[in-house]
Amino acid sequence: MLRIAIPNKGSLSEPASRMLSEAGYRQRRESRELVLVDSENDVEFFYIRPRDVAVYVGAGTVDVGITGRDLLLDSGANAVEHRGLGFARATFRFAAPGGEHLSLADLAGKRVATSYDALVTNYLADHGIDAEVVHLDGAVESSVRLGVADAIADVVETGSTLRAAGMATFGEPLLRSEAILIRNADAPLTRELEILDGRLEGVIMARNYVLMDYDIQRDNLDRAVKLTPGYQSPTVSPLHDENWVAVRAMVERNTMNRVMDDLHDAGARGIIVTPIITSRI
């Protein structure tokens with residue numbers, strides 16, 4: 001039975017459970033449930049603190065887990081990223097008052113507050129910056145105003161919280177994070193993990209693509225196929241009118257409206273878009 005660690009709260013928890021549900025796995029109905037056995041899929045889920053997921057995976061207590069790339073790198077656990085999952089994307093940045101005029105070198109000799117001690121310490125060391133890392137469990141934006149630090153390093157989404165605290169980001173991002181599937185660095189790949197990975201890949205594809213169907217005259221087919229090349233190649237089927245064909249292709253979701261406009265200009269008619277629930281590529 002594959003043992004999977006899932007964040008029990010926070011920004012990763014609900015999206016992770018939703019993705020697993022879309023992949024065909026049972027998920028808990030109440031937040032108080034800490035363990036769930038999905039006997040039909042031969043999987044056991046453990047709902048634990050987000051920061052502990054990598055620790056349990058690295059120790060081999062569970063086989064795989066879902067966590068953030070930032071949390072994995074900060075944990076120092078014996079675990080590796082297996083697959084990016086495409087949600088909970090965030091950027092890890094340095095910030096300080098007047099940050100728009102600063103560079104990474106300006107952190108030398110300064111105090112940097114963060115909740116990600118290991119990640120920040122390793123980053124500064126890799127770039128030859130000698131600075132003091134101050135650990136805080138949260139609300140690092142207030143640390144500069146309270147005199148605890150000169151700058152901070154934290155996850156930045158919109159930047160509105162930083163601006164409200166009178167700070168701005170500077171330097172290159174330390175990390176671009178997202179939710180990831182992780183596994184023990186020393187454990188062999190198993191059939192159970194391959195099944196889980198394939199299902200998650202199918203959900204990711206379904207979220208990023210739609211099916212597009214349309215009819216077009218044969219004379220315009222080549223032009224249309226260039227607009228909808230599909231994931232591998234589009235399906236082209238003859239119609240009762242031999243001058244026309246029906247085309248079906250996978251199209252990236254974020255381009256579908258533009259593609260529809262271009263197809264219509266190319267002579268396509270009866271253009272229909274259908275969502276994909278899941279897939280296997």
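Visitor: How do the residues lining the largest pocket divide into nonpolar, polar and charged?

Guide: This is a predicted model. In it, the lining splits into 16 nonpolar, 11 polar and 12 charged residues.

Visitor: Which residues lie nearest the centre of that pocket?

Guide: Ser-11, Asp-70, Tyr-116, Asp-154 and Val-155, out of a lining of 39 residues. The space in the largest pocket is about 910 Å³.

Visitor: Which element gives the most to the lining?

Guide: Strand S9, with four residues. Helix H3 (69-75), S9 (151-156) and helix H5 (160-164) each supply at least two.

Visitor: Now the sheet. What is the strand order?

Guide: Strands of a sheet pair through backbone hydrogen bonds, parallel or antiparallel. Here six strands form an open sheet, ordered S2-S3-S1-S4-S11-S5, and the pairing is mixed.

Visitor: Why is one side of S2 and of S5 left without a neighbour in the sheet?

Guide: S2 (35-38) and S5 (79-84) are at the edges, and each has a single partner strand, so one side stays without a neighbour. On average, neighbouring strands are turned by 30° against each other, direction ignored.

Visitor: How do S1 and S4 run, and how many bridges join them?

Guide: Parallel, with two bridges between S1 (residues 2-7) and S4 (residues 64-68). In one of these pairings, Ile-4 has Val-64 in S4 as its bridge partner.

Visitor: Which strands does helix H1 touch?

Guide: Helix H1 (residues 13-22) packs on the sheet against S1, S3 (43-48) and S4. Its direction makes about 145° with that of S1. Helix H6 (residues 191-208) lies across S1, S4, S5 and S11 (179-184), at about 40° to S5.

Note on methods
Residues numbered from 1 in each chain as written. Predicted model: local features only at pLDDT ≥ 70, side-chain atom pairs only at ≥ 80, totals over all residues. Heavy atoms only, no water. Pairing = 2+ DSSP bridges. Axes fitted to C-alpha atoms, helices over the stretch in contact; angles between N-to-C directions. Contact = heavy atoms within 4.5 Å. 1 Å grid on protein atoms, 1.4 Å probe; cavity = no way out; pocket = protein on both sides within 12 Å on 5 of 7 lines; lining within 4 Å. Points joined across faces, edges and corners; volume = space filled by probe spheres on them. Nonpolar A, V, L, I, M, F, W, Y, C, P; charged D, E, K, R; others polar.
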